[in-house]
Amino acid sequence: MTLKISRILHAGYVFECEGTRIAFDPVVENPFSRNCHAFPDVRFDHAQFRAVHFDAVFISHFHDDHCSFDSLDLLDRATPLYIYCLFEELFDMVRELGFSKVHQLRLDAPVRVGPMTVIAREAMDADVDSMFHIQAGGLNVLNVVDSWIDPDMLPALARFAPWDMVLWPFQTMREIEVLSPSRAAPAPPRLPEEWIGQLVALKPRYVVPSSCQFVQEPWSWYNHAFFPITYRQFEQEVGAALPDAQVVRMNPSVSFVLDRDGIYAAPPLSWVVPVGDQDVDYRYEGHATPPPTADIARHFPALTSDEHARVIDYCTSGLLDKYRGMALPEESFFEKPRVWRLSVFDHAGEGTHFHYRIECDKIDLLAGVPDALSWTTEVPVARLYAALELGEALTSMYMRMNDAVFVQQTETDLLDAELVDDPLIRCLFNDVFGAYQAAQLRRIQDRNRRA
């Protein structure tokens with residue numbers, strides 16, 4: 001018995017065995033998740049994709065680069081969906097999209113689909129992520145998705161060693177560091193040590209550098225600051241640590257047949273269409289100076305007057321109400337009295353500045369310009385509006401924190417501060433679930449009503 005494995009994009013795969021076909025995290029959009037552009041570049045033939053029959057679709061977690069309603073909307077509504085998520089709201093929205101066979105995945109509970117068995121395995125952040133263990137024809141494949149393996153889980157996975165194939169998320173990504181680049185430490189020049197140790201314990205025959213198959217907009221400075229690991233470096237380090245393993249690169253559409261004896265090229269997915277050079281690699285320039293937020297904001301279109309008013313109302317009223325209703329994290333930077341400046345930049349690069357006095361869960365809008373600041377946040381106004389109304393994610397907002405020099409005591413306090421303690425981040429994203437999918441669902445339903 002053989003197992004055919006095909007790459008869609010990012011963490012998306014198709015597995016086929018004896019006429020049964022299942023998909024994992026099928027996102028068929030470019031760009032996806034608003035500003036994730038396929039790398040290498042591809043386009044999708046949606047007419048062909050609509051005609052594909054999947055015996056089941058598995059979704060590892062609710063993040064929008066894994067669970068996109070625009071992609072699910074292309075599937076037959078009778079397709080069984082198996083989703084790992086602890087929030088019932090997502091299942092309600094998927095059913096509202098029209099799917100009738102929606103199942104919640106449980107950790108370590110096998111799901112049999114024809115000759116294949118899929119088992120959700122515990123990831124490091126079990127409140128959000130899961131991994132997939134696929135069994136077929138005596139083969140064991142571990143799809144780590146873009147999660148991390150919890151050290152406590154490793155012995156259980158190592159019992160299946162040697163694994164026939166491991167789909168490993170090869171990028172470390174610097175989604176937090178780019179929020180405050182002037183204060184970020186340089187990226188380590190090698191793969192995390194725990195990755196190598198875990199791969200050695202798994203003893204895979206084949207390792208696929210997986211996930212993180214995207215870059216941001218062509219003009220984005222993130223493209224050389226977000227991704228410190230190259231395919232070449234991954235292959236060199238993994239190859240040196242696992243001399244008996246083979247590192248197999250799978251670009252979008254690429255397919256292989258795996259059996260007990262080896263791995264063989266197979267016809268690609270016809271509905272994933274490569275565009276241009278496919279053997280591209282990342283180039284990290286962590287030393288480069290990022291452009292000012294004002295310049296970044298010029299890349300986005302102007303808001304309408306109503307949209308702009310929505311943002312201003314939030315900055316002067318809604319944000320304050322939201323902040324006052326949240327519990328402050330323990331040992332927060334804002335336990336002491338602080339002065340925070342929020343700057344929003346429009347399509348012309350013009351900034352509007354708001355100043356607030358914060359102490360614990362108290363916040364007040366200040367008149368005028370204070371003498372000293374304790375924390376600064378900058379963001380393009382178009383991206384702030386998108387976060388309020390369209391489910392924009394933090395990683396695509398181009399927020400910038402503390403790109404300034406403060407008084408010495410503040411600088412000392414900032415050494416122990418967490419960037420996600422930023423008041424705007426907390427007000428936009430704390431206790432918010434499924435905003436991206438909810439916005440997609442509204443758009444799909446509006447389109448269907450007009451049709």
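**Overall build**

Tutor: The secondary structure of the chain comes to 12 helices and 24 strands. Keep in mind that this is a predicted model.

Student: What box do the C-alpha atoms fill?

Tutor: Roughly 75 × 55 × 40 Å, along the principal axes.

Student: Now the open sheet of 7 strands. What is the order?

Tutor: β9-β10-β11-β12-β13-β14-β16, and the pairing is mixed. The edge strands are β9, at 110–113, and β16, at 246–247. Each of them pairs on one side only.

Student: How do β12 and β13 run, and how many bridges join them?

Tutor: They run parallel, joined by 3 bridges. β12 covers residues 139–143 and β13 covers residues 165–169. Across that pair, V141 stands opposite M165 in β13.

Student: Which helix packs on the sheet there, touching β12 and β13?

Tutor: Helix α5, residues 193–202. Its direction makes about 170° with that of β13.

Student: And which strands does helix α6 lie across?

Tutor: β13, β14 (206–210) and β16. Helix α6 spans residues 231–241 and runs at about 150° to β14.

Student: Switching to pockets. How much space lies in the second largest pocket?

Tutor: About 390 Å³. The lining has 16 residues. S180, R183, A184, A417 and L419 lie nearest the centre of that pocket.

Student: How does the lining divide into nonpolar, polar and charged?

Tutor: 9 nonpolar, 2 polar and 5 charged.

Student: What about A161 and P162: what kind of peptide bond joins them?

Tutor: A cis one, with omega about -5°. P162 is in the loop between α4 (154–158) and β13.

Student: What is phi at H10?

Tutor: Positive, about 55°, although H10 is not a glycine.

Student: Where does H10 lie?

Tutor: In the loop between β1 (3–7) and β2 (13–17).

Note on methods. Residues are numbered from 1 along each chain as its sequence is written. This is a predicted model: local features need pLDDT of at least 70, side-chain atom pairs count only at pLDDT 80 or more; totals for chains, interfaces and linings use all residues. Side-chain values use heavy atoms; hydrogens and water are left out. On a 1 Å grid over the protein atoms alone, a cavity is a set of points where a 1.4 Å probe fits but cannot get out, and a pocket is an open set with protein on both sides within 12 Å along at least five of seven lines; lining residues have an atom within 4 Å of a point. Grid points are joined across faces, edges and corners, and a volume is the space filled by probe spheres set on the points. Ala, Val, Leu, Ile, Met, Phe, Trp, Tyr, Cys and Pro count as nonpolar, Asp, Glu, Lys and Arg as charged, and the others, Gly among them, as polar. Two strands pair if DSSP finds at least two bridges between them. Helices (H or I, at least four residues) and strands (E, at least two) are DSSP runs, numbered from the N terminus. Contact means heavy atoms within 4.5 Å. Axes are lines fitted to C-alpha atoms, for helices over the stretch in contact, and angles run from 0 to 180 degrees between N-to-C directions.
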